[in-house]
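Please keep the sequence and the structure open while reading.

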Amino acid sequence: MSSAPIDPTTTEAWASLSTHHAGLAPDLRAWFAADPERATRLTFRLADLHVDLSKNLVTDETIALLVRLAEEVGLAEHTRAMFAGEHINVTEDRAVLHTAARRPRGTTPPLVVDGQDVDADVHEVLDRVYAFARSVRAGEWTGVTGQAIRTVVNIGIGGSDLGPVMAYEALKPYVAEGLEVRFVSNIDPADMAESVKDLDPRTTLFIVASKTFTTLETLTNARLARTWLLDGLVGLGAVEDTADARRSAVAQHFVAVSTALDQVAEFGIDPANAFGFWDWVGGRYSVDSAIGTSLVIAVGPEAFAEFLAGFHAVDEHFRTTPLERNVPALMGLLNVWYVNFFDAHTHAVLPYAQYLHRFPAYLQQLTMESNGKSVRWDGAPVTTQTGEIFWGEPGTNGQHAFYQLIHQGTRLVPADFIAVANPAHPLRDGDADVHELFLANFFAQTKALAFGKTAEEVRAEGTREELVSARVFDGDRPTTSILAPALTPSVLGQLIALYEHITFVQGTVWGIDSFDQWGVELGKKLAAEITPAITGDAAALAAQDPSTRNLITTYHHLRPTP
Ligand code: F6P
C-alpha cells in the first residue's frame with residue numbers, strides 16, 4: 001500500500017471549518033443584500049462555462065478555509081502526480097491518465113510514463129479510429145453485401161456504455177444524416193431483442209466495447225449479436241452457410257474496442273478491426289478514448305476532436321489555476337462542505353437541456369463508482385463520510401416530479417443547474433421563444449431555492465392564515481448554476497472534465513482511491529456461483545442461504561422447465 005493520505009479531519013482547516021460551520025447561520029437573502037459584489041466575486045469562467053457559485057451556503061471565510069483544507073491534504077501534489085502518470089490508483093498499481101487521452105498532438109514535452117510514449121500511442125489509436133469512422137461515414141466500409149452501414153450498435157456496459165450513449169444523446173444535432181447508433185448494455189435479453197428487432201443485418205455494424213473483454217454482459221450480448229447477424233445474413237441469402245463465409249461476415253460487421261486485444265482475437269474479431277486503449281484509462285473515464293468509437297462514427301472526427309479539446313481546456317484550467325479560482329477544485333470542496341459539515345447525503349444534477357438527459361446517469365457511475373468507498377488508499381478506514389448519491393433528471397420534468405422535496409423537504413439537497421443559451425431548435429410558440437420559457441424556469445428555480453418565500457410574503461398574497469406555513473419556502477437551499485453558450489462538442493467535453501476533476505478533488509480530500517471499483521466484484525462472483533443453482537444443480541441450490549434458496553425455488557415454480 002502507498003503512503004497514508006493525510007486524514008482531513010486532523011487538519012487545522014477541518015477544525016476551523018467545524019467551528020465556522022457551528023457559528024454559521026446561512027442567510028442568502030441577507031448575504032446578497034449586504035454584499036452587492038457577491039454574485040460577481042463568486043462567479044467564475046471555466047473555458048466556455050459561466051459558473052455561478054454565489055447561491056451556495058458559503059462566505060468568503062468558508063471558501064478560504066476550504067482552500068486551506070485542500071492545501072493541507074496535498075491536493076496540488078496529488079493533482080501533479082495524476083497528470084504525471086504516477087501510480088495513484090494504488091490498489092490496482094496503475095497510473096491514472098485519462099487526461100492524456102485528450103492531450104493535443106505535438107504537446108511538448110511528450111508524456112512518457114512507465115517507458116511508454118503515451119502521446120504517440122494515444123494519437124496512433126485516434127488516427128486509426130478517425131480513419132475507420134471516415135470510411136464508415138463515407139460508405140466505403142460496407143457490410144458483406146457491399147451495402148453501406150446505416151446502424152451502429154455499441155455493445156458495452158458501465159463505462160463502455162454510459163459515456164458513449166450520454167454523449168451520443170447530447171450531440172444528436174451533430175449526428176450524420178442516415179446514421180443511427182444504438183446501445184445495448186443490459187444482459188436482460190430484452191435489451192438486445194428490442195435493439196435489433198427492426199434492423200437489417202446487411203447494414204448493421206456492431207462495436208463490442210469492453211476494457212477487459214471479460215465482462216459477462218458484454219460478451220453474452222456480443223455472442224447474441226453474432227448469432228443474430230449470421231442467422232439474418234444466411235436467412236436473407238446474403239452469405240453462404242459455411243464457416244468461411246460466416247467468418248468473413250463477422251470481420252465486416254464486428255469491430256472491438258478493448259485493452260485486451262488477445263481476448264478480442266479469441267472472440268473471433270480480427271485484431272485488425274480492433275482499437276486499443278490502456279489500463280491507465282479507467283472505464284468510467286474512457287469516453288475520450290477508443291471507447292468513443294461509436295460517437296466518432298456518429299458525429300465525425302472533427303466534432304470528436306472538438307470534444308477532446310473541450311476536455312483539455314478544463315484539464316489545463318484544473319492543472320494550472322490557483323485553488324481560489326480553480327472551478328473544479330472549488331466545486332469539489334463545496335461538495336465536501338455539504339457532505340461532511342451539513343450531512344448532505346445526495347447531490348442533484350439538473351440539466352436544463354433535454355439533450356443532456358443521460359448526463360445524471362453518466363455522472364452516477366463517474367462519481368459513485370469513484371468515491372463510494374469506506375477505506376482509504378492505504379487500506380485504513382475512512383475517517384469521515386464519503387461519496388454522496390448523485391441523481392437528477394432534465395428540467396423541467398424534474399420540477400413536476402421531485403423538486404417539491406428539494407424546495408420544502410427536511411433534507412438538504414445541493415444541486416447543480418446546467419443550461420445553454422443557444423438552443424439547437426429555436427422554436428416559437430406564437431410570439432414566445434420556447435427556449436426562453438424554458439430558461440425562465442432555470443433562472444427561477446435557483447432563485448426560489450436560494451431566497452425562498454417568507455410567511456409575510458405569503459400573507460401579503462392574501463393566503464388564509466391556516467395555509468401560510470404550507471406555502472412558506474425557507475430558502476437557503478444551495479445551488480450552482482452553469483451556463484454555456486450552446487451544447488457543442490467542446491462544451492460537452494468541458495462539462496465531463498469538470499465533473500471528473502470534482503470527483504478527484506473529493507476523493508483526494510477523503511484519502512480514497514477514486515480509480516478502483518472493488519465493490520462491484522462480489523456480486524459478479526456470486527452471480528457466477530448461483531447460476532448452477534438456477535439451472536438445476538440440486539447441491540448448488542441446497543448450498544444457498546434460505547432466502548436465496550426460496551427465491552430460486554419460487555422462480556422455478558413461476559417458470560417451469562418446458
Ligand atoms: O463492473 C464495473 C465495471 O468494471 C466498470 O468499472 C466498467 O466500466 C464496467 O464494469 C465495464 O467493464 P468493461 O469495459 O471491462 O467491460
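## A buried aromatic pair

Phe 132 has a relative accessibility of 6%, so Phe 132 counts as buried. The model it belongs to is predicted. Trp 141 reaches 17% relative accessibility, and this residue also counts as buried. The cut-off for buried is under 20%.

The structure holds 29 aromatic pairs. Phe 132 and Trp 141 form one of them: their ring centres are 4.9 Å apart and their planes stand at 85°, so the pair is edge-to-face. The edge-to-face class needs planes over 60 degrees apart.

## A tilted pair and its arginine

How do the rings of Phe 254 and Phe 267 lie to each other? Their centres are 6.4 Å apart and the planes make an angle of 45°, so this pair is tilted.

Phe 254 counts as buried because its relative accessibility is 0%. Phe 267 counts as buried at 11% relative accessibility. Phe 267 has a further contact: the charged end of Arg 226 sits over its ring, 4.4 Å from the centre.

## Another charge over a ring, and a ring cluster

Phe 32 also has a charge over its ring. The charged end of Arg 38 sits there, 5.3 Å from the ring centre.

Ring pairs also build a cluster. Its members are Tyr 352, Trp 391, Phe 402, Tyr 403, Phe 417, Phe 438, Phe 442 and Phe 443.

## Salt bridges

The structure holds 31 salt bridges. One of them joins Lys 172 and Glu 169, whose closest N and O atoms are 3.2 Å apart. Lys 172 is partly exposed, at a relative accessible area of 34%. Glu 169 counts as buried, at 17% relative accessibility.

Which side chain does Asp 198 meet in a salt bridge? Its partner is Arg 182, at 2.7 Å from N to O. Asp 198 is exposed, with 54% relative accessible area. Arg 182 is buried, with 16%.

Arg 246 and Asp 241 form another salt bridge, at 3.1 Å from N to O. Arg 246 is partly exposed, at 26% relative accessibility. Asp 241 has a relative accessible area of 55% and is exposed. Salt bridges can also be followed through a network: one links Arg 102, Asp 288, Asp 315 and Glu 500.

## The largest cavity

How many cavities of 30 Å³ or more are there? The count comes to 4. The largest cavity has a volume of about 70 Å³.

Its lining has 13 residues. Leu 334, Asn 335, His 347, Asp 416 and Thr 480 lie nearest the centre of the cavity. Three elements are listed as giving two or more residues to this lining: α14 (327-341), β12 (415-422) and β15 (479-486). The largest share, 4 residues, comes from α14. By class, the lining has 7 nonpolar, 5 polar and 1 charged residues.

## The second largest cavity

The second largest cavity has a volume of about 50 Å³. Ala 101, Val 122, Val 125, Leu 126, Trp 278, Asp 288, Ser 289 and Ala 290 line it. These lining residues divide into 6 nonpolar, 1 polar and 1 charged.

Conventions: Residues numbered from 1 in each chain as written. Predicted model: local features only at pLDDT ≥ 70, side-chain atom pairs only at ≥ 80, totals over all residues. Heavy atoms only, no water. Phe/Tyr/Trp six-rings, centres within 6.5 Å; stacked < 30°, edge-to-face > 60°. Buried < 20%, exposed > 50% of the residue type's maximum accessible area, 1.4 Å probe, protein only. Lys NZ or Arg CZ within 6 Å of the ring centre and 35° of its normal. 1 Å grid on protein atoms, 1.4 Å probe; cavity = no way out; pocket = protein on both sides within 12 Å on 5 of 7 lines; lining within 4 Å. Points joined across faces, edges and corners; volume = space filled by probe spheres on them. Nonpolar A, V, L, I, M, F, W, Y, C, P; charged D, E, K, R; others polar. Salt bridge = Lys/Arg side-chain N within 4 Å of Asp/Glu carboxyl O.
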